[in-house]
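Colleague: I am opening this model for the first time. Could you walk me through it?

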Amino acid sequence: MKIPLRAKPAADATASPIAAPPPRRRRRKEWMNRPERSTTAAIKFIVWVALRLGRRAARLLLYPICLYFVLFSRKPRRASALFLSKALGRTPGFGDLFRHYHVFAACLLDRVFFLNDQSDDFDIRVHGEDIVIDLMQRGEGCLLLGAHMGSFEAIRMLGHRQRDLRVSLVMYEENARKINSVLNAINPLLSMEVIGLGRPDSMLRVRERLDQGHFVGMLADRTLDGEEEVRLPFLGQPAGFALGPFQLAAMLKRPVVLMVGIYQGGRRYDVHFERIADFSDVPVQDRPGLVRWAAGRFADRLEQHALSSPYNWFNFYDFWK
């Protein structure tokens with residue numbers, strides 16, 4: 001796929017996307033300062049209820065849990081109200097805030113069943129599956145960019161239909177260790193390989209997995225401290241988006257695909273795959289412009305999904321700061 005270039009070239013837009021040190025000291029990102037509020041014991045209890053008593057029983061627990069967090073998590077509640085006011089075009093009421101938290105909790109709970117190899121219990125609709133099949137047949141791997149929106153775990157359902165699909169995940173692990181440790185213990189054989197961000201060998205491991213034909217997934221809607229970002233329009237106000245994932249794709253000459261798994265209520269998910277850009281055959285001098293263009297397209301498509309499914313937005317901090 002050839003993508004037209006729209007942006008002006010930037011001299012450093014293909015440099016040091018993952019393991020490079022910060023160019024200068026900046027204020028620590030708000031989302032990185034948020035500790036996990038739950039305890040390992042509480043998470044284990046919910047997982048136990050889910051696996052022993054079933055999804056229906058476990059979902060009953062979500063109501064008091066969500067009510068507690070809506071009432072007592074002041075900053076996340078304020079961030080939820082800010083986002084929903086932009087996405088809905090009106091001031092959100094208590095019901096909107098509760099629904100926002102509940103969709104988030106429901107997606108977290110469903111990770112238990114996906115990891116327990118119960119994907120067949122869900123109604124999954126895949127949009128753009130031909131994109132995945134085409135890339136698998138090429139055997140080159142791709143950067144699979146997601147966001148803190150809906151369920152990234154939904155890709156496991158596609159793995160049931162495409163048995164040769166192999167996925168590795170690049171992520172910042174520090175502020176989700178408790179829940180990830182419990183969930184990954186459910187079925188270690190189904191856990192995705194995780195490549196930690198910012199480590200000396202991160203870039204090497206990403207390259208290795210891409211060379212092996214893996215889909216390397218990362219959540220590209222948040223930026224790390226010191227990471228180069230670009231301010232782009234998002235729901236009527238500029239927000240910072242990382243250039244790193246697109247710089248990485250440019251350096252490694254790989255396609256970039258957006259994936260979002262939208263929770264639609266009940267047992268239904270809509271999984272969307274969309275082509276963002278392809279750096280496979282782009283001249284070096286054209287890469288900086290395409291990097292910024294691809295970041296803009298990613299932000300635009302994410303905005304469209306946020307507008308159509310606002311309660312699936314799981315960045316509970318001021319996204320525009």
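**Charged pairs, a helix and a patch**

Modeller: R90 is partly exposed, with a relative accessibility of 42%. Partly exposed lies between buried, under 20% relative accessible area, and exposed, over 50% (1.4 Å probe, protein chains only). The model is predicted: local features need pLDDT of at least 70, side-chain atom pairs count only at pLDDT 80 or more, and totals for chains, interfaces and linings use all residues. Residues are numbered from 1 along each chain as its sequence is written, and side-chain values use heavy atoms, with hydrogens and water left out.

Colleague: Which residue forms a salt bridge with R90?

Modeller: D96 does, and the closest N and O atoms of the two are 2.9 Å apart. A salt bridge here is a side-chain nitrogen of Lys or Arg within 4 Å of a carboxyl oxygen of Asp or Glu. D96 is buried, because its relative accessible area is 12%.

Colleague: Why would such side chains pair at all?

Modeller: Side chains of opposite charge can pair when their charged atoms come close.

Colleague: How many salt bridges does the count come to?

Modeller: By the rule above, the count is twelve.

Colleague: Before you continue, what is the fold made of, in helices and strands?

Modeller: The protein chain has ten helices and nine strands. These are DSSP runs numbered from the N terminus: helices are H or I with at least four residues, strands are E with at least two.

Colleague: Back to the pairs, then. Which residue meets D211 in a salt bridge?

Modeller: R254 does, at 2.6 Å from N to O. This pair links distant parts of the chain, 43 residues apart: D211 belongs to helix α8, and R254 to the loop between α9 and β8 (255-263). R254 is buried, because its relative accessible area is 11%.

Colleague: And what about E274, which residue is its partner?

Modeller: E274 pairs with R301, and their closest N and O atoms are 2.6 Å apart. Distant parts of the chain are linked here too, 27 residues apart: E274 is in strand β9 (residues 268-278) and R301 in helix α10 (residues 287-308). E274 counts as buried because its relative accessible area is 13%, whereas R301, at 22%, is partly exposed. Salt bridges with shared partners also join D134, R138, E140, R275 and D278 into one network.

Colleague: You mentioned α8. Which of its residues are buried?

Modeller: Helix α8 covers residues 202-211, and S202, M203, R205, V206, R209 and L210 are buried there. Viewed down the axis of α8, the buried residues fall within an arc of 165°, so they line one face of the helix. That arc is taken from the directions between the helix axis and the C-beta atoms. L204 and D211, on the other side of α8, are exposed.

Colleague: What do the buried residues of α8 pack against?

Modeller: They pack against β2 (142-146), β3 (167-171), β4 (193-196), β5 (215-219) and α9 (244-252). Helix α9 is itself mostly covered, with eight of its nine residues buried; among them are F246, L248 and L252. The C-alpha atoms of M203 and L252 are 9.8 Å apart, although 49 residues separate them along the chain. M203 is buried because its relative accessible area is 17%.

Colleague: New topic. Which residues form the nonpolar patch on the surface?

Modeller: L67, Y68, L71, F72 and F94 form it, with about 510 Å² of accessible area together (Shrake-Rupley method, 1.4 Å probe; for residues, only the protein chains shown count as cover). Patches take residues with over 30% relative accessible area and no salt bridge, joining like charges within 9 Å and nonpolar side chains (Val, Leu, Ile, Met, Phe, Trp, Tyr) within 5 Å. Helix α2 (residues 55-72) supplies the largest share, four residues. F94 is in helix α4 (residues 94-115) and is partly exposed at 45% relative accessibility.

Colleague: Lastly, what pLDDT does the chain average?

Modeller: The average is 84, and 80% of the residues score at least 70 (pLDDT is the predictor's confidence in each residue, from 0 to 100). Over residues 1-16 the pLDDT is below 50, yet that stretch has 37 contacts (heavy atoms within 4.5 Å) beyond near neighbours in sequence. Residues 19-25 are also below 50, with five such contacts in the model.
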